[in-house]
Amino acid sequence: MVHALEHLVVRHTHRLPSPTGPAGDGAAATRRFDAALMTAGFKLSGELVERLSGLAGPTVVETAVRTLVTVRELVGDHVRHNVYFVDFPDNVPDTLDFWRWCVAEALADDDTRARTVEQLSAGVLDLLTLPSYGRYQHTYEEMLAVHDELIASAGDRLTVLHLGADAETEVTSLYLALAGSTTPLGEEHLRDLALLAEQCADGPQPETITVRENRAVVNHARLRVGATPLLDTVTDVLRLACALADGDVTLREPTRFRALSRPHRRALLAGLDAVVAASPAKLSDVSAHREAWKRLGERLHPHEYPHWPHAAAVFAVARGERRAPSFDSRVEELLARGDVAGAAELLAAHAPGRLFRALDRLLRVAADGKEREAVLAAVERAAPEVSGRVVLSVREHVQNRAGADGGARRVFVNREGSAWVADDTRPPLEDTDRERLVAVLDAETRRRLPSSGHLLIDPDVLDVALPLSGRAASAGLGVLPRGSVSPVGGELLRFFTYWREARRTTDLDLSALVLDADYRTVTWLSYTALTDVEGRHSGDITEAPDGASEFIDLRLGAVRGTFIVPQVHVFSGEGFDEVAEGFFGFMLRESEQQGRPFEPRTVRMKSDLRGPGKVALPLAFRRDDEGRWHAHWLHLYLRGAPSANQVEGHRVTITVVMRALLGRTHLTMRHLVSLMAESGAETTLWDGRTVPDGPVTYIGLERPDGLAPGSRVFTPENLRDLLPA
């Protein structure tokens, strides 16, 4: 368990809990550890080198073995990446020439000749029936033998591992950061929180747990160690019941409740009774999840506990035996009567967060300037009671409601990353209303920002989108939230995807679509187009019982378009949520570096593929007017077809989604930094070399080595902690 928790700390913070063990001369072992890390694109900080060097050699070696496993998994180097064409990217054949070769091989094979002739006679050939197609024709070791060693480059990624505090302190700090996060966590972070919460249930707890899914995970751990769950709504109890059943605490998917132990039944019913007894109005929340409450009631048997009548009332509402009008129904009743001002007042008084979420609608249905004034006045009064995440989300929404040109499109992205586009039929908001809202929201955000002292800012972080939801990014290394823009350097851009099937034969296909400035198709690279001016495809792999990889290599200087859109398609078999493992990433190299198809120290980003739909769009690349390339982070999944998805079949959909999403203005770190500066913070743009002597608040993509003690550091791993509560 200790080592598993250390793994979490390294993965989330890029800090190694301070190693312990007998003193000794570990300098030589530390140098070997550092050299091994550098092959994966990591390096020990000066403080960590000093700490390890003072320990005995065996302790350093044991620490190195554990840490190398973690960092190699982070970057995708924990698996073997083979390619179909053994010397990729060299000598990749033309697609039709390759297919003809596969047919010739099949005709020369006694076992497949008759079947191949029959297909050719019919005029339709299934490539998957050809013995040479879709399966590795050489071993991993044979592939390595034909590739020269990678030549080191100053541009290679180097992620520094820093010295952390003792293991207990680091684990507790990570637990408090995840449990107390003001933004919803992604699925992987929720799983990590569950592990940490069990370990930390008896220790320090966050002052508040505002995200309900986090609270459910923490409550589950507290219940298991005999502590009292933290419950203040009936839905908190429902989420806790889902956690006990290993179900979905987000309540997006139905949970199959199983038989509960008597202590757990008593804890749930007692908590439910206390919540309703303290505030009977909270019964109105039951109708939102009526069916789930019915199923849970069958497991809790509330009739066996007559001394908790308020708990029994919850299930009576769920069954329709007792009426408890929801708060939303009261709001809708006012709006149906045309009382917009009354609806705004009700929301401001009892549900300020819902007022902010309904703001656009209220302004649109307001009959005149007087009603709009009432809505805006309610917003101003309620703003101090609304969470910082909602304030910033509404701020981003308002800045994208500048006006309609009659042909605008809206892109919708749900919690799972599934995306679709529709015509924007909403009338624009009044400019004066938008300007007033922007001023109110910025003032409220500025008021909540803590004193940051001396700000040291990495310029590359300014265009990173604010992490308003942990679900707006996949887990991995070098991953930024949806809407972020980051610079891309180097001559060669190489995409990679890896998957390992769980139960069924699975074929995932890596493709890249090239678009011009008007989003028209220029060309693409895929298994149907192995070569083009832009680059090369490594070849189609059609099954992955032991794991499989595909690569696309592009020469950025040769790209004829403005956009490059890499994508992964499910051609057949398991989806992204079903495979045993699946991830995507990209590398940057210089032309003279050579090396294997996969070189961990050239990896700039690696993200898990876990989402709905059959087409994954992790990010896109755009060339600006000066010829510089930038990554635009998407983290999207399109529905696609049930099978046989190809880049050719989704070009129009991808173009529409790209145009809509890239036309949206996201709220970025630039906005937050400017508000900090307006509040009086001294701000310095970091030159990438020297750091100030005194403590600073550093905000950047990677933590620099040598920051003064007492400095606070915010990188993509914990940018969410910058958001005001």
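Mentor: A salt bridge is a side-chain nitrogen of Lys or Arg within 4 Å of a carboxyl oxygen of Asp or Glu, and we shall apply that cut-off to a model that is predicted.

Trainee: What is the general idea behind such a pairing, and which residue forms a salt bridge with Arg-447?

Mentor: Side chains of opposite charge can pair when their charged atoms come close. Here Glu-444 is the partner of Arg-447, with 2.4 Å between the closest N and O atoms. Both residues belong to helix α21, which spans residues 431-448, and they sit three residues apart, about one turn of the helix.

Trainee: Which residue does the side chain of Arg-664 meet in a salt bridge?

Mentor: Arg-664 meets Glu-396, at 3.5 Å from N to O. The two are 268 residues apart, with Arg-664 in the loop between α22 (651-662) and α23 (669-678) and Glu-396 in helix α20 (residues 388-399). Arg-664 is partly exposed, at 29% relative accessibility, and Glu-396 is buried, at 11%.

Trainee: How many salt bridges does the structure hold, and which residues are linked in a network?

Mentor: There are 50 salt bridges, and a network of them links Asp-360, Arg-364, Arg-401, Asp-424 and Arg-426.

Trainee: Turning to nonpolar residues, which members of the largest core touch the most other members?

Mentor: That core has 99 residues, and those touching the most other members are Phe-42, Phe-495, Ile-564, Phe-586, Phe-621, Met-669 and Ile-699. Its largest share, six residues, comes from α4. Beyond its neighbours within four places in sequence, Met-669 is in contact with residues including Val-461, Leu-466, Ile-699 and Leu-722.

Trainee: Which residues make the nonpolar surface patch?

Mentor: Val-61, Val-65 and Val-69 make this patch of about 250 Å². Val-69 lies in helix α4, residues 57-75, and is exposed, with a relative accessible area of 53%.

Note on methods. Residues are numbered from 1 along each chain as its sequence is written. This is a predicted model: local features need pLDDT of at least 70, side-chain atom pairs count only at pLDDT 80 or more; totals for chains, interfaces and linings use all residues. Side-chain values use heavy atoms; hydrogens and water are left out. Patches are made of residues with over 30% relative accessible area and no salt bridge: like charges are joined within 9 Å, nonpolar side chains (Val, Leu, Ile, Met, Phe, Trp, Tyr) within 5 Å. Accessible areas come from the Shrake-Rupley method with a 1.4 Å probe; for residues, only the protein chains shown count as cover. Helices (H or I, at least four residues) and strands (E, at least two) are DSSP runs, numbered from the N terminus. Buried means under 20% relative accessible area, exposed over 50%, partly exposed in between (1.4 Å probe, protein chains only). A nonpolar core is a set of buried Ala, Val, Leu, Ile, Met, Phe, Trp, Tyr and Cys residues joined through side-chain atoms within 4.5 Å. Contact means heavy atoms within 4.5 Å.
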